[in-house]
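Subject: Structure handover

Hello,

Here is the structure for you to take over. Please open it alongside this email and follow along.

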Amino acid sequence: MTQTRTVVRPLREDPAAKPLIITRLEAIPIAIPLGKPVTMAGVRIEKACNLIVRAEAAGGLTGWGEASVAPMMTGDLLSGMVEAVNDHLAPLVLGQDALRRAELALRCAHALHGNGGPKSAVDLALADLVGRHFGVSLAHLYGGPVRETMLPMYLLGNPKVEDDIAEAQKKIKEGFTFFKLKVGIKHPAEEAAAAVEIRRKIGADIALCADANMGMTFQNARLFVERARDAGLMFLEQPLRDDDFDGMAALARVSPIPLNGDESIGSVASILALHRAGAIQGANIKTIKMGGVGATVHAMSVCAALGLNINLACKVAESSIAAAGLVQLGSIAPNLNWGISVTNHYLAEDLCETPIRIEHGAIHRPRGPGLGVEVKESQVQRFRVK
Ligand SMILES: [Mg+2]
């Protein structure tokens with residue numbers, strides 16, 4: 001009998017043999033003007049207030065993370081996020097081995113209630129650091145990409161439907177194939193009629209969905225889904241208040257349009273609860289809601305196991321640091337059927353050498369180690385607010 005011999009090639013230098021000690025963790029609050037103001041959940045946003053985290057390892061290697069404020073979603077505010085990092089998370093991370101970031105993320109998760117933004121920014125910075133150390137992308141740290149190209153949604157939110165139609169038609173010429181309508185602002189019958197009209201003008205092959213950002217009552221949502229039946233919406237996102245799981249479940253039972261959860265999804269536990277109630281057919285997943293990169297990967301796997309569609313999104317507006325992290329995650333998502341939303345293009349200026357770009361209606365995963373983008377430190381300092 002012949003025996004096969006396993007050939008073990010010794011690594012010339014094992015990058016995991018020695019710890020990657022974190023020597024600095026800096027929380028940098030920034031404010032960047034938007035290209036044009038955006039209205040979200042009834043609030044007019046003129047500038048993006050984000051936390052940037054810069055992690056440095058012994059030897060000088062750096063990693064970057066980012067999280068937006070999200071008063072109506074995670075409750076995170078800029079000064080609170082800085083304090084969370086400086087006073088609560090940094091002491092758990094400094095002097096520790098970044099190669100054990102899963103354990104560090106768990107410690108951070110347990111150190112503070114909520115605070116998904118700062119936890120996520122720290123975890124993203126450590127993932128960037130570790131990817132750079134190994135010379136592989138964040139996607140490759142999690143098994144490698146299953147797709148290199150993703151379809152971003154283009155947000156339509158003009159006061160007049162004819163402007164939405166004109167904007168959509170212009171963007172379709174540029175290559176966009178996926179649009180999201182902002183609803184929950186005007187009368188639901190008017191918004192439903194607008195959705196049907198937009199569908200009629202853009203044709204059947206373009207993906208269209210709507211996001212109400214909790215702006216509807218049950219009655220309004222019911223009216224909207226009935227009247228918008230012919231708009232062929234892929235989904236309606238978060239029509240009701242974030243804690244109204246029963247209302248969402250009741251709406252899902254009568255709605256011809258699938259429902260997506262966003263503000264109501266703050267953890268894997270809420271995904272499970274909404275799914276159990278029959279309230280959602282998909283989940284909008286943001287790293288700031290899940291509290292980190294690893295937590296987002298976990299949530300995506302749970303959604304896949306439950307047969308839920310996934311939409312990955314940045315908050316309006318995060319720079320190419322967070323966008324790159326999201327695109328890396330999108331490249332490994334098991335079922336990214338409901339698209340991806342990066343938001344760096346809403347900013348008047350970005351923080352990276354080569355910003356994440358939407359080309360011909362598609363986003364390509366940035367190549368290179370870690371997040372795959374190079375941060376311009378001078379830009380970070382320029383927009384620093386404290
Ligand atoms: Mg949303």
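This is a predicted model: local features need pLDDT of at least 70, side-chain atom pairs count only at pLDDT 80 or more; totals for chains, interfaces and linings use all residues.

Look next at Gln-238. You will find Gln-238 in the loop between E8 and H8. Gln-238 is not a glycine, yet its phi is positive, near 40°. Its relative accessibility is 0%, so Gln-238 counts as buried.

**Helix H8 and its cover**

Helix H8 spans residues 245–254. Its buried residues include Gly-247, Met-248, Ala-249 and Leu-251. What lies over them? The cover of the buried residues of H8 includes helix H7 (218–227) and strand E9 (259–261).

**Two helix pairs**

Two packed helices are described by the angle between their axes and the distance between the axes. Both values are given for each pair here.

Start with helix H9 (residues 268–276) and helix H11 (residues 293–306). Their axes come within 10 Å and cross at roughly 15°. H9 and H11 are therefore roughly parallel to each other. The crossing of H9 past H11 is right-handed. On the H9 side, the contact is made by Val-268, Ile-271, Leu-272 and His-275. On the H11 side, His-298, Ala-299, Val-302, Cys-303 and Leu-306 make it. By type, the residues of this contact of H9 with H11 are 7 nonpolar, 2 polar and no charged.

An α-helix has 3.6 residues a turn, so residues three or four places apart point the same way. Keep that in mind when you view the contact residues.

Now take helix H5 (residues 161–174) and H6. The axes of H5 and H6 come within 10 Å and cross at roughly 35°. H5 also makes a right-handed crossing as it passes H6. H5 contributes Val-161, Asp-164, Ile-165, Ala-168, Gln-169 and Ile-172 to the contact. H6 contributes Ala-194, Glu-197, Ile-198, Lys-201 and Ile-202. The residues of the contact of H5 with H6 divide into 7 nonpolar, 1 polar and 3 charged.

Ile-271 sits in helix H9. Is it buried or exposed? Ile-271 is buried, with a relative accessible area of 0%. Leaving out residues up to four places away in sequence, Ile-271 touches Ile-265, Ile-280, Met-290, Ala-299, Cys-303, Leu-306 and Leu-308. Leu-308 is 37 residues from Ile-271 along the chain, and their C-alpha atoms are separated by 9.3 Å.

Ile-45 is in strand E2 (residues 43–57). It is buried, with a relative accessible area of 17%. Ile-45 and Val-316 are 271 residues apart along the chain. Their C-alpha atoms are separated by 8.6 Å.

Val-316 also takes part in a cis peptide bond. This bond joins Val-316 and Ala-317, with omega about -10°. Ala-317 is in the loop between strand E11 (309–313) and helix H12 (320–332).

**Another positive phi**

Most residues other than glycine have a negative phi, and most peptide bonds are trans. Asn-115 is not a glycine, but its phi is positive, at about 55°. Where is Asn-115? It lies in the loop between helix H2 (101–111) and helix H3 (116–134). Asn-115 is buried, with a relative accessible area of 18%.

**An exposed loop residue**

Finally, Asp-205. Its place is in the loop between helix H6 (188–202) and E7. At 76% relative accessibility, Asp-205 counts as exposed. Asp-205 and Pro-19 are 186 residues apart in sequence. In space they are 51 Å apart, C-alpha to C-alpha.

Best wishes

Conventions: Residues are numbered from 1 along each chain as its sequence is written. Side-chain values use heavy atoms; hydrogens and water are left out. Helices (H or I, at least four residues) and strands (E, at least two) are DSSP runs, numbered from the N terminus. Buried means under 20% relative accessible area, exposed over 50%, partly exposed in between (1.4 Å probe, protein chains only). Axes are lines fitted to C-alpha atoms, for helices over the stretch in contact, and angles run from 0 to 180 degrees between N-to-C directions. Angles under 35 degrees count as roughly parallel, over 145 as roughly antiparallel, 65 to 115 as roughly perpendicular and the rest as oblique. A crossing is left-handed if the near helix is turned anticlockwise from the far one by less than a right angle, and right-handed if clockwise. Contact means heavy atoms within 4.5 Å. Ala, Val, Leu, Ile, Met, Phe, Trp, Tyr, Cys and Pro count as nonpolar, Asp, Glu, Lys and Arg as charged, and the others, Gly among them, as polar.
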